[in-house]
Amino acid sequence: MKTFCGRANPTTGSMEWLEEGEDYDYHQEIARSRYADMLHDKDRNVKYYQGICAAVNRVKERGEKAIVLDIGTGTGLLSMMAASAGADFCYAIEVFKPMANAAVKIVEKNGFSDKIKVINKHSTEVTVGPDGDMQCRANILVTELFDTELIGEGALPTYEHAHKYLVQEGCEAVPHRATVYVQLVESRRMWSWKKLFPVHIEAEDGEKILVPPSEMENCPGLPSVCDIQLNQMPSSDFSTLSDVVKMFSVDFSKPVQSASTCYRVQLEPVKSGKAQIVLSWWDIDMDPSGMVNCSMAPYWVKPTSALQWRDHWMQCVYFLPREEPVLQGEKLYLTACRDEYSVWYNLQKARADEEEQKADVCVESPVCRCRAHLLWNRPRFGELNDQSRTRQYIKSLRKVLKTDSVCLCISDGSLLPVLAYYLGAKQVQCVQPSRIDLFHPHELWQAFFKANNLEDKIKIIEARPELLKPSHLEDKKISVLVGEPFFTTSLLPWHNLYFWYARTAVSSHLASNVTVLPQSASLHMMIVEFQDLWRIRSPCGICEGFDVRTMDDMIKDSLNFRESKEAEPHPLWEYPCKSLSEPQEVLTFDFTKTVPQQCLRTEGSVKLLRKGKSHGAVLWMEYHLTADISVSTGLMQLSNEKGNCEWNPHCKQGVYFFSSVIESEILSDPTAVEYAMNFDTKTGEIAMDFKL
Ligand code: SAH
Ligand code: ZN
């Protein structure tokens, strides 16, 4: 069987559909899966085990046989816990074939084959009866089907179905209940992920302010969840306006309804401010008493309890439809609406006559009407709102622009053309390569230009760079070619080198004395020790007494599929690490010249200067806008005594996990890591290899 995988080609900036063998998808799925992270989640595992033991005991005390249904068994872990706790029989359901196969092996290796039946089906396809998958309905229901938003992986419809068809009335459920908590906050940083703030531009003829159109101001944004490692958000970046409030609970031992509904709670702000964001997380009680509780609460909620790091469950950031000024002590209603898979929020001021009214009719899930939320994702909004970054671009544009400049900008959804116009370029046009494939943001730009009286001042060329004709440019040669560069199809930092390919494609349109901004780019690398992120790619071995090495091997095979490991993108502001080496420039790319035919290769070694575990290498790009102005999409600052790193908060960096970890000591002769990198100019990809 063949599958087609969509992937952006970094040399053309457009999506390509590649035919891949059936193995490809599966290896990607396993290699990038959260199974390792879940197996390393000690807090979760211990509490599931406690909850499962207690449930089995309660059933046994009633003199019944303990029949377990484990929906989404994965490695089979929860079923093995149940079997060890004395369950009479377990039905372990797993829809993902490679995992179901792994579960069979793991169950066998741990000696539970006679107690656990692995069924490779979606739970809604499972049959009950003498000839069915299950002999009879179960009296214990065990699942772990939750995502950061709790219900995003379809837990509600799965439970609804299981209660109707697969378990007995009055069954024990582990977890027993889930509760969703919320807290109202004001945060310029998080609000900047949804809204475009006015951009201030110091021009020759005074300050210009670029404002978003009104459609954008009032747009509810996107329904997709914004999940982050909230524990990495410093308390100085937000201010809490309310206490933590219970929003809603789901009791998993009773029939569950998945149909859309709303919940409403009353709030009294503890402080006056601008209500912008609802922070949310959940906890699960493993047993009815609530004694075994597994919580995703962030650091400021229970400052004394130890936090378990995990990446498979984080916290949610919800954006209110609009900013609402609130006063300390006033009465507010917060409404959570949900459908089967997602949640969204609304805030209303209580009016006296409304006091007793219940949650009103559900508000529709947020849909972007302004198109900006389709053009820019949340980190991109944050990046465009980053004033110090904008100042760097303004400063460098001011250096290169002249009153007779003919300027072409190549970047997706960029404000550079507007900056260039305000800074005095004579003619400004732009190409937005990746967007041409996806949707036409023309209407958005028209609205944007209109709101700023810029109609007819900036021309959007709807052609790919390689198809540019002299007529697009009014038969003029480009004297200033600019790019951030930023392209929405880029996955890894170096994919934005598409700018170089585009620059090469438009060569014939460039004036002989053209200025290219950025003039060059460089790839940087540093060896790091992660505080926690290493867990997601590290073998687990024995998990709560169960041998899960089959899973470890499977992940290792998938990581080494095609015999080459790849770097993967991670936003490192969410994943603290310390540097073990100096940051090192490894490759440079000269945008004043065209892309060369031959590959760019480099080899070298980095010294490990600090004591620690080398988990991997981090890679990022720096763009040299002019000779003396650079912007980094990776490392922003290094505090030298401890090696703590500060990363660009808007970008993902490339992470290459080493297959074996070495522990370095501080030695007079420090260990060195050898590296080899190859930038293949034909594919735009960078292959790398490390020797420790
Ligand atoms: N129970 C394991 C794995 C949890 S991950 C553990 O706790 O470690 C959730 C698993 O459930 C995934 O492997 C996914 O493929 C599977 N899954 C999700 N919904 C399912 C459903 N309705 N029926 C069967 N499998 C499901
Ligand atoms: Zn919108």
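Because the structure is a predicted model, local features are given only at pLDDT of at least 70 and side-chain atom pairs only at pLDDT 80 or more, whereas totals for chains, interfaces and linings use all residues. Residues are numbered from 1 along each chain as its sequence is written, chains are lettered from A and ligands numbered from 1 in the order in which they are written, and side-chain values rest on heavy atoms, with hydrogens and water left out.

The protein chain is divided into domain 1 (3-32), domain 2 (34-144), domain 3 (178-368), domain 4 (378-517) and domain 5 (520-691), with bounds that come from an automatic or database domain assignment. An unreviewed UniProt entry places the feature "domain: Protein arginine N-methyltransferase" at residues 176-347 and 519-663; UniProt positions are given here in the numbering of this chain, feature names are shortened, and such annotations may be inferred rather than shown by experiment. Over residues 176-347 the chain is 5% helix and 46% strand, and the C-alpha atoms at the two ends are 30 Å apart. Helices (H or I, at least four residues) and strands (E, at least two) are DSSP runs, numbered from the N terminus.

The centres of domain 1 and domain 4, taken over C-alpha atoms, are separated by 29 Å, and 7 residues of domain 1 are in contact with 7 residues of domain 4, where contact means heavy atoms within 4.5 Å. The area buried between domain 1 and domain 4 is about 690 Å², and carbon and sulfur atoms give 61% of this area. On the side of domain 1, P10, T11 and G13 lose the most area to domain 4, together accounting for 55% of what that side buries. Buried area is here the accessible area (1.4 Å probe) that two parts lose on being put together, summed over both.

A pair of aromatic rings is described by the distance of the centres and the angle of the planes. The structure holds 30 aromatic pairs, where rings of Phe, Tyr and Trp (its six-membered ring) pair if their centres lie within 6.5 Å, and planes under 30 degrees apart count as stacked, over 60 as edge-to-face and the rest as tilted. One of these pairs is formed by F487 and Y498, which are edge-to-face at 4.9 Å centre to centre, with 75 degrees between the planes. This pair links distant parts of the chain, since F487 lies in the loop between β23 (478-482) and α15 (498-505) and Y498 in helix α15, 11 residues apart. F487 counts as buried because its relative accessibility is 2%, and Y498 counts as buried at 2% as well; buried means under 20% relative accessible area, exposed over 50%, and partly exposed in between (1.4 Å probe, protein chains only).

The rings of Y656 and F690 have their centres 4.9 Å apart and their planes at 45 degrees, so this pair is tilted. Both Y656 and F690 are buried. Ring pairs also link F146, Y159, F252, W282 and W313 into a cluster.

Just after α14, N453 takes a positive phi of about 50 degrees.

A cis peptide bond joins V174 and P175, with omega about 0 degrees, and P175 lies in the loop between β7 (167-174) and β8 (177-186). The peptide bond from E484 to P485 is also cis, with omega near -15 degrees, and P485 lies in the loop between β23 and α15.
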